[in-house]
Amino acid sequence: MVRGMRFSTHLVNHFFILMLLLSAHSAFALTISVKTDRDPVLIDESFQLIFEADGAVDGDPDFSPLNKDFEVLSTTLSSNMRIINARISSTKQWQLTVLARRAGKLTIPAIAFGKDRSQATTITVAKSLTGADNSHSADRKIFIEVEASELKPQVQSQVLYSVKLYRSVNISNASLSDPEVSGGDAVIERLGEDQSYDTWIGGRRYIVVERNYAIYPQRSERLTLAPIRFQGQMAQDRFSMFDLFGSQAQTVIRQSAPLTLDVQAIPAAFSGGHWLPAKHVSLMEQWSGNPLELEMGEPITRTLILAAEGQTASQLPELPAWSLPDFKQYPDQPALSDQKSRAGITGTRREKMAIIPNRPGNYTLPEIKLPWWNTEENRLEYTELPARQIVVLQAANDANDMTDFGPAPIVELDLNLANEAGAAKSQATEPGAGNAETSRLWQYVSLVLGAVWFATLLLWWRSRKAGSDQGREDKTAGSVRRLRRVIKQASQHNDAERVKEYLLQWAHLRWADDPPMSIGEIGKRSSEKLAEEIRILSNSLYSAGQHTWDGSAFWAAFESEPVGQKETQGGGRLEPLYKL
């Protein structure tokens with residue numbers, strides 16, 4: 001009886017211990033949370049799915065339930081351990097990169113980690129903004145597609161040519177050829193860098209690499225673009241007993257289909273002298289000052305800008321020559337530039353002309369009109385710059401008005417003394433002799449008056465000529481001083497373009513008899529120090545790439561340059577034109 005009671009008590013103790021263990025396990029149950037990096041997501045976009053456990057899990061996770069609605073692209077595992085108040089805690093995190101297989105409200109199911117399980121959650125998947133359905137290519141892992149914006153372009157017009165490489169597998173050591181022309185002549189320009197994005201075709205996710213070109217056929221003919229060739233290595237799907245880790249790769253070669261362009265001749269409706277096919281053409285002007293308030297002798301620069309969307313700058317024509325009477329004109333070398341994008345090339349031509357008015361008045365710049373062919377509307381159009389009025393004002397320090405010296409001065413003689421002498425003499429002479437002497441006296445007086453008047457006129461003419469020469473020299477010296485000031489200001493702002501512009505104007509005044517036509521020629525006529533700074537300035541303006549130009553070094557060299565003869569004239573010191 002006692003033994004039976006002892007046995008029952010032993011069982012009861014074991015029962016209570018088991019209950020305590022179960023309750024402890026329940027109190028310290030492992031938590032596995034689930035979260036996404038964003039919600040909602042697009043069906044064509046990958047997102048992050050993160051599982052995090054706050055302790056040691058019972059076993060490795062089984063993510064296979066995700067395959068129903070999601071494609072797992074990659075999985076990474078990380079661990080973290082913390083010690084707080086002598087207590088050790090650890091977490092584990094599984095980060096999955098996944099793609100949704102369909103749109104809608106999708107459930108992320110509970111995932112088993114041995115006997116532990118994660119929580120179930122949901123995510124919203126939106127439809128793709130753009131889609132494609134090339135089911136004929138859905139069974140291929142790598143393929144190439146090419147497309148041209150126009151199959152019957154006009155000669156020398158722009159054709160946009162896109163190359164797209166599709167792949168649904170990882171590749172390495174990949175290369176893609178550039179387009180080549182067979183049976184014709186064309187200029188090919190690459191447009192920017194490659195673009196990479198994902199798309200879905202026939203239920204399969206593809207990574208797309210897109211490359212774009214602009215092609216300009218040069219002759220009217222049938223022109224064939226050779227196939228684009230891809231070569232790379234692709235991991236093998238099948239298991240090999242000689243390659244347990246799947247390190248072997250298969251070399252694959254793919255080619256696009258060839259593409260033929262039927263290039264059209266210049267339309268008979270085009271009547272211009274220079275064939276210019278483009279999407280859009282514009283012509284505008286810029287001035288360095290106000291053309292309605294020009295001052296005589298003051299330089300100003302007019303810049304004409306011709307831009308064509310769908311053409312390179314080298315294809316743009318020279319702008320019609322223009323000139324004005326009573327103006328000195330100094331053209332600069334045209335500047336050509338191309339702006340490239342996926343939409344094509346926009347070419348720009350800039351022509352600068354420095355002009356110096358020599359006489360005040362109202363002038364009219366002629367209209368500029370250029371024909372071009374609209375490739376989108378397939379018709380002849382014109383871009384034009386209307387005629388412009390220019391007003392040249394009188395220089396503030398120029399005095400062209402003739403000074404009014406008044407009538408010639410009258411010389412008064414003491415005729416009373418002469419009369420008394422004549423009367424005394426007449427008493428001792430014959431009658432009539434006094435009249436003859438009086439007549440001779442008036443002849444002498446007339447000669448004296450004529451001589452005085454002629455001398456006065458001569459002195460006035462010489463002083464007028466001296467003043468006119470002095471004014472011209474003062475004006476030249478004033479223009480040189482103003483140009484030196486603006487060159488200094490542009491140098492202080494490191495404005496290389498304006499320094500070049502003003503330097504050319506300064507040089508045309510300094511060497512007026514034989515003006516230089518470029519800054520390089522100015523360097524040849526300058527000191528070694530200034531020539532070196534002009535070379536640096538030229539490199540910053542015309543060499544490829546971006547350059548930082550130091551204007552302070554240029555101004556130091558320019559300021560120390562010996563003053564030329566033209567700059568020293570008009571300073572207020574002239575040798576006398578005559579001596580009295």
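Trainee: Which residue of β17 stands opposite W200?

Mentor: Two strands count as paired if DSSP finds at least two bridges between them, and strands (E, at least two residues) and helices (H or I, at least four residues) are DSSP runs numbered from the N terminus. Here W200 stands opposite R205 in β17, and strand β16 (residues 195-201) pairs with β17 in the antiparallel sense over seven bridges. The two strands form a hairpin with two residues between them, and G202 in the turn has a positive phi of about 55 degrees. Keep in mind that this is a predicted model, in which local features need pLDDT of at least 70 and side-chain atom pairs count only at pLDDT 80 or more, whereas totals for chains, interfaces and linings use all residues. Residues are numbered from 1 along each chain as its sequence is written, and side-chain values use heavy atoms, with hydrogens and water left out.

Trainee: Why is β17 described as largely enclosed by the rest of the structure?

Mentor: Burial is read from relative accessible area: buried means under 20%, exposed over 50%, and partly exposed in between, with a 1.4 Å probe and protein chains only. Strand β17 (residues 204-217) is largely enclosed because 11 of its 14 residues are buried. For the chain as a whole, buried residues make up 33% of the 580 residues.

Trainee: Which residues have the most contacts inside the largest nonpolar core?

Mentor: A nonpolar core is a set of buried Ala, Val, Leu, Ile, Met, Phe, Trp, Tyr and Cys residues joined through side-chain atoms within 4.5 Å. The largest one in this chain has 27 residues, and V281, L306, F327, I355, I390 and V392 are those with the most contacts inside it. Several elements give two or more residues to this core, among them β23 (280-287), β28 (344-357) and β32 (388-393), while β25 gives the most, with four residues.

Trainee: With which residues is V281 in contact, leaving aside its neighbours within four places in sequence?

Mentor: Contact means heavy atoms within 4.5 Å, and on that basis V281 is in contact with L276, L306, A307, A308, W372 and T383. Over the whole chain, residues 24 or more positions apart account for 70% of the contacts with a separation of 6 or more.

Trainee: How many salt bridges does the count come to, and is E221 buried or exposed?

Mentor: A salt bridge is a side-chain nitrogen of Lys or Arg within 4 Å of a carboxyl oxygen of Asp or Glu, and by this rule the count comes to 19. One of them joins the side chains of E221 and R219 at 3.6 Å, N to O; E221 is buried, with a relative accessible area of 19%, while R219 is partly exposed at 42%. In another, E381 meets R379 at 2.8 Å, N to O, with E381 buried at 19% relative accessibility and R379 partly exposed at 43%. The side chains of E521 and R525 meet at 2.7 Å, N to O; E521 is partly exposed at 26%, and R525 is partly exposed with a relative accessible area of 26%. Beyond such pairs, salt bridges that share partners join D178, R190, D194 and R211 into one network.
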